[in-house]
Amino acid sequence: MSKIVELYHNLIRRYWEIGVASFSEDVINENHPLDIRWIRNPFENESWFADPFILLENEDEFVILVEEFPFTTAKGRISRLIVSKSEWQITDVKVLLELDTHLSFPCYFRCEGKVYIYPENSASGTSTIYVYDERKEELSPIGTLNENPLTDAVIYDIEGCKFVLSTQHPRENKNQLDVYRLDGLKSESTPCQTITFTENIARNAGISFLAKGKLIRPAQISNHGYGEGLVLQEVEYTAGKFEFTNLRRLYSPLHKCPLAFHTMNVFEDRYIIYDAQGYKHPVLGPMVESVATFTKNILKK
């Protein structure tokens, strides 16, 4: 029986892919094509990679921060990928941070020549900022961003002030977005606003970017399932308050990955990197899961 259960779980296993597109300000327009080039993962039998953030790019390669999810541990960790442009595949993986708790969404920002990373670690009950030594490829904690279990937090710099926008566990995929004021990298952020949407689109999907003179927030759509799509919102900050206007919704263009499409990050107004989730076995996976669900429902009656 254990072999059958193992085979079942292998067939219905979810899997993430990451892909890159050229940036255009027209991405906020409803009919603008995504035109994503998906990156081959030669380590697909060991790990999948999601929540991608491009850190560096040159003529030959991309350097990307990701959540790596090894199948042996079934727990996320933060890793650095090298992606070859000539082969269009991952050529190297280095683990940067692995804890007893799950890690994901390695959001970062640059300040005075340094890189600061604040990954999602709500399972620990807090959110920590790390400084990244790019030469040694090492992370060192420097302070606490927030003492709450923030999920996919993003720092905004507006009118000379820094704000943290985030959902938090256990309502991370719901409709409430919390805003905190951040007075320094080594001082904890303090709450200043809560926004309640009419649908489950509060969770961040990436770093904000500018397009056509508008500040854009990528957010996750989770009305029917976790991260089922993306919504691009115009962000306005008036009289000390944030307001959001939906501009466009995006869903996975990858036929074999229809389950989720939940991260979008713009890099230097040149590239956009996305992720998409589907079945490891795109034909058998949904068939097997449908049969199992149908059988379970019959047995309940």
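Reader: Which element gives the most to the lining of the largest cavity?

Author: Strand β1 does, with four residues. The model is predicted: local features need pLDDT of at least 70, side-chain atom pairs count only at pLDDT 80 or more, and totals for chains, interfaces and linings use all residues. Residues are numbered from 1 along each chain as its sequence is written, and side-chain values use heavy atoms, without hydrogens and water.

Reader: What is a cavity, and what is a strand?

Author: A cavity is a set of points, on a 1 Å grid over the protein atoms alone, where a 1.4 Å probe fits but cannot get out; lining residues have an atom within 4 Å of a point. A strand is a DSSP run of E, at least two residues, numbered from the N terminus.

Reader: How many cavities of 30 Å³ or more does a search of the whole structure find?

Author: It finds two. The largest cavity has a volume of about 50 Å³; a volume is the space filled by probe spheres set on the points, joined across faces, edges and corners. Its lining is Tyr15, Trp16, Glu17, Ile18, Ile39, Asn41, Trp48, Phe49 and Ile90.

Reader: How does a pocket differ?

Author: A pocket is an open set, with protein on both sides within 12 Å along at least five of seven lines. The largest pocket here holds about 660 Å³ of space. It is lined by 23 residues, and Tyr108, Phe109, Arg110, Ile207 and Ser208 are the closest to its centre.

Reader: Which element gives the most to the lining of the largest pocket?

Author: Strand β7 does, with four residues. At least two lining residues each come from β3 (47-57), β7, β11 (150-158), β15 (209-211) and β19 (260-267).

Reader: Where does β7 sit in its sheet?

Author: Start with pairing: two strands pair if DSSP finds at least two bridges between them. Here four strands form an open sheet in the order β7-β8-β9-β10, with antiparallel pairing. Strands β7 (108-111) and β10 (138-146) stand at the edges, each with a single partner strand, so one side of each has no neighbour in the sheet.

Reader: Over how many bridges do β7 and β8 pair?

Author: Four. Strand β8 covers residues 114-117, and it pairs with β7 in the antiparallel sense.

Reader: Which residue in β8 is the bridge partner of phenylalanine 109?

Author: Tyrosine 116. Now link two views: Phe109 has a bridge partner in β8, and Phe109 is also among the residues closest to the centre of the largest pocket.
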